Amino acid sequence: MAAMLVAPFLAQPPGIAIGLAKAAFDPAWPVVDREATAFSGVSNQLMAVGAFRYFLVTVMTCSTMAAIMSTADSALMGASSVMSIDIFQGLLLPAASPDRIVHAGELNSALMMAVAVLLGLKLSVSQFGSLAVFQNGMLMQLLPTFGLGLYFDVKEVALTCGIASELLVLAVLAAVGNPLDPYMPSVDASFIANLVVVAVLQLLAPLTAARGSSSEGKPHPDAA
C-alpha cells in the first residue's frame, strides 16, 4: 500500500512538466502541435531539435506504450478472474469444470476488449479527463474496504453498506444532476457518502451488539 501511495508522486511530475511546457510554448507552435495533446505536441517539437531528443522521444513513447499495455492487460486479467472465478464459478455454476471456467474468462476478456476498442474509437481527447476523474473516484471507493478492512476491526456490514451507498449516490447524482459539480465531481461526493455510512454503521455496531446481548440475557416471560 505504501508503494501505491508513493507511486503517483514519482509518475505524475513528468506529465505535469510536459503539460506546463505545452501551455507555455503553445502559442508559438504550429497549428498541428497546438491542437495535439501535450505529449504529442511536446514530442513533435523535441524530435525537430536533434538526434538525441529524437531518441529521447522514442524512449518516452515506448515507455508510454509499455505502461498502457501493462495497465490494460492487468485490468483484463483482473476482470476476467472476477467474472470467471468469483461470479461464474462462485455464484452461477459452482460445479463448473476448469475448462469451462477458463472459457468463461476468455469470453469475458474478448467482450471487454471489444468494448474498450469501441470506446477508444468514440471517445475524444477532451473526454479522457472526465474519464480519468471517474476512474480515480471509483478506485477511491475501495479505500475503506481494503484499508480499514485489513488494518482495523471494521464490520463487514459497514463496509458493504458503504459501497452500496456509494453506488446509490452515484446513480442518483447521474440521474438528477450534481449540484456541487463545479467544485466536487459526483464520484468524490459518492466517496464521502461511502465514508460517512461506514463510520456511522461502525459506531452503531457496539450499540446494536449490546442491545442484542441484553435482550438475550433477559428471561422469557413464559419461563416465570
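How many helices and how many strands does the protein chain have? The protein chain has nine helices and zero strands, where helices (H or I, at least four residues) and strands (E, at least two) are DSSP runs numbered from the N terminus. This is a predicted model, in which local features need pLDDT of at least 70, side-chain atom pairs count only at pLDDT 80 or more, and totals for chains, interfaces and linings use all residues. Residues are numbered from 1 along each chain as its sequence is written, and side-chain values use heavy atoms, with hydrogens and water left out.

**The chain as a whole**

- Along the sequence, the pattern of the protein chain reads α-α-α-α-α-α-α-α-α.
- Of the 224 residues in the protein chain, 18% are buried; buried means under 20% relative accessible area, exposed over 50%, and partly exposed in between (1.4 Å probe, protein chains only).
- Contact means heavy atoms within 4.5 Å. Among contacts in the protein chain between residues at least 6 apart in sequence, 52% join residues at least 24 apart.

**Annotated regions**

- An unreviewed UniProt entry carries the annotation "transmembrane region" for residues 47–68, 75–95, 157–177 and 189–209; such annotations may be inferred rather than shown by experiment.
- The span of residues 75–95 is 86% helix and 0% strand, and its end C-alpha atoms lie 26 Å apart.
- For residues 157–177 the figures are 95% helix and 0% strand, with the end C-alpha atoms 29 Å apart.

**Helix H3 against helix H4**

- Two packed helices are described by the angle between their axes and the distance between the axes. Axes are lines fitted to C-alpha atoms, for helices over the stretch in contact, and angles run from 0 to 180 degrees between N-to-C directions.
- Helix H3 (residues 38–47) and helix H4 (residues 51–92) have axes that come within 8 Å and cross at roughly 150°.
- H3 and H4 are therefore roughly antiparallel to each other; angles under 35 degrees count as roughly parallel, over 145 as roughly antiparallel, 65 to 115 as roughly perpendicular and the rest as oblique.
- The crossing of H3 past H4 is left-handed, meaning that the near helix is turned anticlockwise from the far one by less than a right angle; clockwise would be right-handed.
- H3 contributes Phe39, Ser43, Leu46 and Met47 to the contact, and H4 contributes Arg53, Tyr54, Val57, Met60, Thr61 and Thr64.
- The residues of this contact of H3 with H4 comprise six nonpolar, three polar and one charged. Ala, Val, Leu, Ile, Met, Phe, Trp, Tyr, Cys and Pro count as nonpolar, Asp, Glu, Lys and Arg as charged, and the others, Gly among them, as polar.

**Helix H4 against helix H5**

- H4 also packs with helix H5 (residues 98–122), at an angle of about 135° and with the axes 8 Å apart.
- H4 and H5 are therefore oblique to each other, and H4 passes H5 in a right-handed crossing.
- Residues making the contact include Leu76, Met83 and Phe88 of H4 and Arg100, Ile101 and Glu106 of H5.
- The contact of H4 with H5 divides into nine nonpolar, six polar and two charged residues.

**Two individual residues**

- Arg34 lies in helix H2 (residues 31–34) and, at 34% relative accessibility, counts as partly exposed.
- Leaving aside residues up to four places away in sequence, Arg34 touches Lys22, Asp26, Pro27 and Trp29.
- Pro185 is placed in the loop between helix H8 (156–176) and helix H9 (186–217); its relative accessibility of 26% makes Pro185 partly exposed.
- Pro185 and Gly137 are 48 residues apart along the chain, and their C-alpha atoms are separated by 8.5 Å.
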